[in-house]
Amino acid sequence: MTALRQRKVSKGKEPPIGAEFQSQQSNCCTDHHPEKILHGDWSWGAIIWTSVGWSMSVGLGLLCCIYMATLHENDLWFSNIKEVEREISFRTECGLYYSYYKQMLQAPSIQDGLSDLIHDNLTESKRTINLLQRMNIYQEVFLSVLYRLLPIQSYLEPVYFYIYTVFSLQAVYVIALYLTAWLLSGSWLAGTLTGVWYILNRVDTTRVEFTISLRENWSMPFLALQVTAITCYLRPQLTDLQQKVMVWLMYVTTFCFCLTWQFNQFILLVQALIIYTLDCVDFLTTTQVTTLYLVQVSSLLSVWLLQFCNSMILGSLVLSFIVAALFIRHCQSGLKTGSLLVRLGKLLLHSIMVLLLTVTINYLAKKALQLRSDEHIFKFIKSKFALGPTRDFDASLYLCEEAFGLLPFDTLERLGGTLLLYPYILTLLLLSGMVAVAALQNLSRPKGSAEERKGAAEGRVLAIRPDVAYNLLHTLFYGLLAFSTMRMKYIWTGHMCAVAAYGVCGKELWTLLLNNLSCNSKVLLRLVRYAVPLVVIGCLYYKFWPKLMEELSELREFHDPDTVELMTWISTKTPRRAVFAGSMQLLAGIKLCTGRVLTNHPHYEDKDLRERTKQVYQVYARQSPEKVYDILRAIGAEYVVLENSICYERRHRRGCRLRDLLDLANGHIMDGPGENDPDLVPASHPRFCEEIKTDAAAYTALFSRTFQNKTFHVYRVKKKRKKSTKSLSEPSATQ
């Protein structure tokens, strides 16, 4: 539909496992961690080296920000296209989220704007909903208030203030990854390599330049900052004050992450499983585990309050899991005693009890709250892993999208082409082996005082720092999530850059390799750790700098005249309170460009809305004109927009086209050659979106064509039917 053409123109606390290892290492190395000055090292070397490291982090962050903004400008010629074209470029749900920023700016006052969001009757016809409760749009509210208060209206348009903020968050993202790699390795060269890899792998690390308003583009920088804060918190040499500062940083970053993305509970569930695993194998102290859990809980509850007690948060799996894990842990005081086999048996039993209690708590919570909003997620998971029926319409919508399929192999090819994949895999293998050995040592060690365990630690083969163990499990768990669902790769690939850079620049891995080669020395270790990343950066510069310059020189222009024509017609030829029905993606654009009332929209986190969307989509199924008319009238639709790209879709394979999903859900045989399940039957009516264009009497009696071009057909739903039939009731159409 869119064509792009070439533009011509603690002290006192129980020391965690690995603390003694790090204290020994810190005396024999000259690394300068970003927090080293805080520990009293005010030497000129430390000050200069740390200043250079921080400067490089800011420089790489700004470079990434400018790079993304330039690509966005070059791809759309954003500064020269019309306002309606700019708004159309916010595709699908991006347009819906941006419309609330625009709505807040157009409101007479901030108070009126907030009131309109809390009592919104434009987003879903015949309903008044609280958008601040339903959607994660506090970032749009915050930006609109900030734009109103700052004296920048005269020289910076609202749309630029919005997109520049999102691109600036990419700079924050790169700086956070940089700091994580620096903390792990002790060398800011690792951070530099991380930033370079992130930029070169832009296709797989971010999609911000063409999906600016997506919630993940707001939240991922805060998640990266949270991982940095956790990495710093798990460093055993921190003082009590520094630990408290890190706890507050973890809370603030977790809170911002949760507030800006509706999928926060599922991401935090994976993180809670990581913490649980580290706790089971004694990489974290009881205090650290409890603190990390409570940070998650307090952040989610803070968001719950801000979102007007959103029941999805209280009914989330992560809250149920944390409550279960803490309760079972408290009840099993002798869990970490006994021989290796005894402890493994106890851990197995412990995990089963936590799992059962989690399921029980979650079931009871959802029953008490009457929560059904997240059913589609679990339907999708069941269908994806063949654990349930595959004809469910909501689950099939996800399964048929490439973004929710398995990670394609060409992703690994691209990552290998930038020299990222190979050091990452090597680092992963070596660290996994070291962590496995250290975990077995921890499970086999005697339980006693800190001095006894410290004495036992001296006889170990190796010890792993808890911050390294956390980051290893982080990349492993989110890597598995990325392989199972391609859209989740953006959580994995950014952190992947930091882990690979740690492998290239970290002293532990090089020490292990050089020891095995029997050529380890301090001089050689330092030489290798500094020379290898410089060589890699040099190779990347030689290979990719010309390609980057060529990419930045490609100039294109946004060109979608059919959609522009449709939006212009709606804005000028229909009443301001007219109600439009159609596809979720198109209606989001109609809401942004024209401000008209919608029947449905792309924010799919509500059961009643999902049912309504399925009903609206019957315009692409084989249904009688009377039934479609009754559906549209029941939800208050006055106009319905039909899209040729959906009615005659060829983008998806047979069985995944929208019309096929509707046929399957309705029990009808699908179009085209191919097999059909034996229980499917031929439909008794032709496909509505095709037959209505014939202007048959049965259709003209109920619908009148008011607009058409090559892509869209708009029909007005007549107020009265000539032939009365019993109206179809829609339970969700009223409050």
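Tutor: Start with a cut-off: a residue counts as buried under 20% relative accessible area. In this predicted model, 57% of the 735 residues count as buried. The protein exposes about 31,400 Å², and carbon and sulfur atoms supply 64% of that. It has 34 helices and seven strands.

Student: Why is the pair of Trp569 and Tyr639 called edge-to-face?

Tutor: A pair of aromatic rings is described by the distance of the centres and the angle of the planes. Pairing needs centres within 6.5 Å, and edge-to-face needs planes over 60 degrees apart. A search of the whole structure finds 32 aromatic pairs. For Trp569 and Tyr639 the centres are 6.2 Å apart and the planes are at 80°, so the pair is edge-to-face.

Student: What makes this pair a tie between parts that are 70 residues apart in sequence?

Tutor: Look at the elements. Trp569 sits in helix α27 (residues 561-573) and Tyr639 in strand β5 (residues 639-643), so the pair ties those parts together. Both Trp569 and Tyr639 are buried.

Student: Why is the pair of Phe688 and Tyr699 called tilted?

Tutor: Stacked needs planes under 30 degrees apart, edge-to-face over 60, and the rest are tilted. The planes of Phe688 and Tyr699 are at 50°, with centres 5.7 Å apart, so the pair is tilted. Phe688 belongs to helix α33 (residues 688-691) and Tyr699 to helix α34 (residues 697-700), so this pair ties together parts 11 residues apart in sequence.

Student: How do you know whether Phe688 and Tyr699 are buried or exposed?

Tutor: Use the cut-off again: buried means under 20%. Phe688 has 0% relative accessibility, so Phe688 counts as buried. Tyr699 has a relative accessible area of 6%, so Tyr699 is buried.

Student: Which residues do ring pairs link into a cluster?

Tutor: Phe90, Tyr98, Tyr101, Tyr162 and Trp218.

Student: What makes β6 and β7 paired strands?

Tutor: Pairing needs at least two bridges. Strand β6 (residues 703-708) and strand β7 (residues 712-717) have five, and they run antiparallel. Gln708 has His713 in β7 as its bridge partner. A hairpin of three residues connects β6 to β7.

Student: Which residues form a nonpolar patch on the surface?

Tutor: Trp44, Ile48, Val52 and Met56, with about 420 Å² of accessible area together. Ile48 lies in helix α2 (residues 44-76).

Student: What is the helix content of residues 421-440 and of residues 468-486?

Tutor: An unreviewed UniProt entry lists both spans among those under "transmembrane region". Residues 421-440 are 100% helix, with end C-alpha atoms 28 Å apart. Residues 468-486 are 89% helix, with end C-alpha atoms 26 Å apart.

Key
Residues are numbered from 1 along each chain as its sequence is written. This is a predicted model: local features need pLDDT of at least 70, side-chain atom pairs count only at pLDDT 80 or more; totals for chains, interfaces and linings use all residues. Side-chain values use heavy atoms; hydrogens and water are left out. UniProt positions are given in the numbering used here, feature names are shortened, and annotations may be inferred rather than shown by experiment. Helices (H or I, at least four residues) and strands (E, at least two) are DSSP runs, numbered from the N terminus. Patches are made of residues with over 30% relative accessible area and no salt bridge: like charges are joined within 9 Å, nonpolar side chains (Val, Leu, Ile, Met, Phe, Trp, Tyr) within 5 Å. Accessible areas come from the Shrake-Rupley method with a 1.4 Å probe; for residues, only the protein chains shown count as cover. A salt bridge is a side-chain nitrogen of Lys or Arg within 4 Å of a carboxyl oxygen of Asp or Glu. Buried means under 20% relative accessible area, exposed over 50%, partly exposed in between (1.4 Å probe, protein chains only). Rings of Phe, Tyr and Trp (its six-membered ring) pair if their centres lie within 6.5 Å; planes under 30 degrees apart count as stacked, over 60 as edge-to-face and the rest as tilted.
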